[in-house]
Amino acid sequence: MNFIGQLRKSLAVTKKDLFIFYLKGPVVISGILMPSFLFVAFAVGRNLSFNFLIPGLMSMALFVTASSIGPVVAPWETRMRTFERLVSAPVTLWAIILGDIFASLMFGLFITFFIFIISIVLLGVEIISLSLVAGTIIAAFCFSSLGLLISAPPTDNPSNIMMLQSMIKFPLIFISGVFVPIDNMGNWKFISYISPLTYYTDLARNSISGTSNFSPIIDLLALIGFSILFFTAAIVWHKKSLTKRF
Amino acid sequence: MYSIEVRDLTKNFNGFKAVDKISFMIKSGELFGLLGPNGAGKTTTIRMLTGIFKPTSGTALVGEYDIQKNPLEAKQFMGIVPEMANAYVDLSAFRNLLLMGELYGIRKKEIMEKAEILLKLFGLYERRNNKVKTFSKGMKQRLIVAMGLINDPKILFLDEPTSGLDVESVRLIRDLIKDFNSKGTTVILTTHNIEEANQLCDRVAIMNHGRIVAIDSPEKLKSTFQSTASIEVAFDKEVKAEELLFGDVVTEVKKVGDKLRLYSRRTGEVIPLLAKYSDSIGSKIISINTIAPNLEDVFVRLTKE
């Protein structure tokens, strides 16, 4: 198997996804509005500094956008009967999944970059550090992989996956220190450790306010670990569900 | 030399045998038809041959590659038009072809050239930049077949390629299938359109309940079932069907519109008997035709058993 050749085919899948699912006005606008609304809903009326809130907004924006469209690609392709054509080409399943992840990752990074700029220019927050840049890219991959894992059940109904997605994503936002520091969770703090979002929020908070629960290295390693886990699980589960899609 | 060698290929779905130990070989350059009623196992067979389904047991060599062991290599020189497949409706015809070319690892310049040729060949060039969602069903299917040809396949799998299409698209697709086949492409066509198989295929395999019940050229299959030869006769007045059995010369009499169809292995003997019978009852024969067995008769006979 030609690895580079398969990577090129992944990029063809990415391009296809971007044209079909992402590069559309309503998708981009909702990608910005959705995390912003959630942020406003939780931030208004609470006496919290921007240095605490901005990392939360960034992590939530990256998490919500990088895992928003990816989950519906497989059920949509199943329903539209394009999936069989795709898998009958000489492209491996991992390359198809990686292509979907790349598209999702790019969308997440684009929206997060937009929030970076607003935070720096309008709010005067200083957020650039090498570990945060690296962590943002790794986290985007991790969250996109989670989205692809969620899309593995062999349904042709995108709304089924959307429901599953909401059931997984929203609880993760609440347990990951986005709005409430995980130290305030008392005995339930350990739950936050199973969420990859915890480590990205911690990394962002460390880069902006200098306070964190873990060292940046731990955050990065945890994000890499979750990425490998989600990506591998997505491949295995999609492989199992593939024949049930037709 | 064979393009495809299938041995004891079996596929079970939760205990149900969709394909049951089928074996056949397809010569290079052959136009081979898989014929059968819905649920016979045709599409499952194609999906195993194209590496989408993993067989429960058995082997399939496609070209020189075992489809299970080297699926990517085998797929590289296959063209596939899956049943009920769709193009990406939010992309243009050209972008669909470009995507397929990229998935086959073809260089961009080459894809552009091939895409242009295929779009012209399938009568879609003028609409190349329009989104596929604006296409008619026939245009979409023509594009889907074109997408299956972007890699100049040596083996082309077509699963019900003309199902439900307008006459113009059916003719165009059939002509192009014949054309590609005449240039050396091995074609495997699944269809439940018997006439299509009769017109196009060098050989057909008739499948039923996951098994191959007959495999041969359409003409040989027809001649195997001489008992389905028949005579269609119309009298100027009503006659009793049972009186036309002539002992055991005629095996079955069916009413077909205002005519009677007499099935017999000895059609030569039936005509004088009919003339004699019509004289005996004071009737005249208005029309009489001998009908050779057709592939549909063979198909019905085999799939009924």
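Phe246(B) is partly exposed, because 17 other C-beta atoms lie within 10 Å, where C-beta atoms are placed from the backbone and a residue counts as buried with 20 or more such neighbours within 10 Å, exposed with 12 or fewer, and partly exposed in between. This is a predicted model, in which local features need pLDDT of at least 70 and side-chain atom pairs count only at pLDDT 80 or more, while totals for chains, interfaces and linings use all residues. Residues are numbered from 1 along each chain as its sequence is written, and chains are lettered from A and ligands numbered from 1 in the order in which they are written.

**Backbone with positive phi**

- Phe246(B) is not a glycine, yet has a positive phi of about 50°, and its place is in the loop between β11 (230-235) and β12 (252-256) of chain B; helices (H or I, at least four residues) and strands (E, at least two) are DSSP runs, numbered from the N terminus.
- Asp152(B), also a residue other than glycine, has a positive phi near 45°, and it lies in the loop between α5 and β7 (155-159) of chain B.
- Asp152(B) counts as partly exposed because it has 14 C-beta neighbours inside 10 Å.
- As background, most residues other than glycine have a negative phi.

**Chain B overall**

- Chain B has 10 helices and 14 strands, and its C-alpha atoms fill a box of roughly 80 × 45 × 35 Å along the principal axes.
- Of the 305 residues in chain B, 44% are buried.
- Two residues are in contact if their C-beta atoms, placed from the backbone, lie within 7 Å; among contacts in chain B between residues at least 6 apart in sequence, 69% join residues at least 24 apart.

**Nonpolar cores**

- A nonpolar core is a set of buried Ala, Val, Leu, Ile, Met, Phe, Trp, Tyr and Cys residues joined through C-beta atoms within 7 Å, and the largest one has 143 residues, with Leu97(B), Leu143(B) and Phe157(B) having the most contacts inside it.
- The element that gives the most to this core is α6(A), with 13 residues.
- Apart from this core lies another, of nine residues, among them Ile231(B), Val250(B), Val253(B) and Leu262(B).
- When its neighbours within four places in sequence are left aside, Leu97(B) is in contact with Ala115(B), Leu118(B), Ala146(B), Met147(B) and Ile150(B).

**Helix pair α3(B) and α5(B)**

- Helix α3 (residues 93-103) and helix α5 (residues 137-147) of chain B pack at an angle of about 25°, with their axes 10 Å apart; axes are lines fitted to C-alpha atoms, for helices over the stretch in contact, and angles run from 0 to 180 degrees between N-to-C directions.
- The two helices are therefore roughly parallel to each other, given that angles under 35 degrees count as roughly parallel, over 145 as roughly antiparallel, 65 to 115 as roughly perpendicular and the rest as oblique.
- Ala93(B), Asn96(B), Leu97(B) and Met100(B) of α3(B) make the contact with Leu143(B), Ala146(B) and Met147(B) of α5(B).
- The residues of this contact comprise six nonpolar, one polar and no charged, where Ala, Val, Leu, Ile, Met, Phe, Trp, Tyr, Cys and Pro count as nonpolar, Asp, Glu, Lys and Arg as charged, and the others, Gly among them, as polar.

**Helices of chain A**

- The axes of α1(A) and α6(A) come within 7 Å and cross at roughly 50°, which means that α1(A) is oblique to α6(A).
- Among the residues of α1(A) that meet α6(A) are Leu11(A), Thr14(A), Leu18(A) and Tyr22(A), and the α6(A) side includes Ile96(A), Phe102(A) and Phe107(A).
- By class, the contact of α1(A) with α6(A) has 11 nonpolar, four polar and three charged residues.
- Helix α4 (residues 70-80) of chain A is mostly covered, with eight of its 11 residues buried, including Val72(A), Val73(A) and Glu77(A).
- The buried residues of α4(A) pack against α1 (3-22), α5 (83-87), α6 (93-121), α7 (130-150) and α8 (158-175) of chain A.

**Contact between the chains**

- The contact takes 20 residues from chain A and 22 residues from chain B.
- On the side of chain A that touches chain B, α1 and α5 of chain A each supply at least two residues, and α1(A) gives the most, with seven.
- That side of chain A has nine nonpolar, five polar and six charged residues.
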